[in-house]
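I will jot down what I looked up, in the order I got to it.

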Amino acid sequence: MNYSGTGNEKAVLASELNRTHVGQTVSFEPDEFTMVFGKIAAIARKEGGVTIALQGVDGTGGLQSSYSLPVSKHVYLQPDMLTNTESTIKDLFGKVQENLRGGGHKGDDRTDKL
């Protein structure tokens with residue numbers, strides 16, 4: 001299949017997965033015939049591999065609930081909306097601070113006289 005994620009997904013090596021990725025949506029190809037999309041329930045590291053357990057599968061419809069991947073396998077994570085929102089707010093706050101310091105706006109410098 002050669003899945004390489006969509007434009008908004010972030011490629012991560014299976015070896016880089018850690019507890020912060022639990023609960024995130026992931027997609028990957030465990031083999032050349034299968035595409036998996038799901039939410040990470042647990043990550044287990046083994047010598048030479050990583051096992052990803054998915055939330056809510058539990059054998060439903062003949063689906064596997066966990067997959068063992070080599071450490072060099074790419075998985076694709078959906079963007080973490082909370083982190084993206086936090087960095088956007090920080091960027092905007094930085095721009096507002098810069099504008100308040102006079103770095104970005106050259107307005108009239110007048111004072112009202114009584």
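**Entry 1: a strand pair.** I began with β2 and β3, which run antiparallel and are joined by 5 bridges. The two strands make a hairpin, and I found 2 residues between them. For one bridge I looked up the partners: Thr25 goes with Lys39 in β3.

Entry 2: The mean pLDDT of the protein is 82, and 80% of its residues reach 70 or more. Where is confidence lowest, and where is it highest? Helix α1 (residues 81-100) has the lowest value, a mean of 73, while β4 has the highest, at 94. Where pLDDT is low, predicted coordinates should not be read in detail.

**Entry 3: the overall layout.** I counted 1 helix and 6 strands in the protein. Read from the N terminus, the order of elements is β-β-β-β-β-β-α. Next I asked how the strands are arranged in the sheet. From one strand to the next, the twist averages 45°.

**Entry 4: the nonpolar core.** Which residues touch the most other members of the largest nonpolar core? I got Val26, Phe28, Ile52, Leu54 and Val75, out of 15 residues in that core. At least two core residues come from each of β2 (25-31), β3 (34-46), β4 (49-54), β5 (66-70) and β6 (74-77). The largest contribution is from β4, with 3 residues.

Setting aside neighbours within four places in sequence, Phe28 is in contact with Thr34, Met35, Val36, Ile52, Tyr67, Leu69, His74 and Val75.

**Entry 5: a histidine in a loop.** His21 is located in the loop between β1 and β2. Is His21 buried or exposed? His21 is buried, because its relative accessible area of 13% is under the 20% cut-off. Not counting residues up to four places away in sequence, His21 touches Glu16, Ile40, Ile43 and Leu77.

From there I followed Ile43, which lies in β3. Ile43 counts as partly exposed, because its relative accessibility is 22%. Ile43 and His21 are 22 residues apart in sequence, and their C-alpha atoms are 8.5 Å apart in space. Beyond its neighbours within four places in sequence, Ile43 is in contact with Leu17, Asn18, His21, Val22, Val50 and Thr51.

**Entry 6: whole-protein numbers.** To finish, I looked at the totals. Of the 114 residues of the protein, 21% count as buried. For contacts between residues at least 6 apart in sequence, 50% join residues at least 24 apart.

Terms used: Residues numbered from 1 in each chain as written. Predicted model: local features only at pLDDT ≥ 70, side-chain atom pairs only at ≥ 80, totals over all residues. Heavy atoms only, no water. Helix = DSSP H or I, 4+ residues; strand = E, 2+ residues; numbered from the N terminus. Buried < 20%, exposed > 50% of the residue type's maximum accessible area, 1.4 Å probe, protein only. Contact = heavy atoms within 4.5 Å. Core = buried A, V, L, I, M, F, W, Y, C linked by side-chain atoms within 4.5 Å. Pairing = 2+ DSSP bridges. Axes fitted to C-alpha atoms, helices over the stretch in contact; angles between N-to-C directions. pLDDT = per-residue confidence, 0-100.
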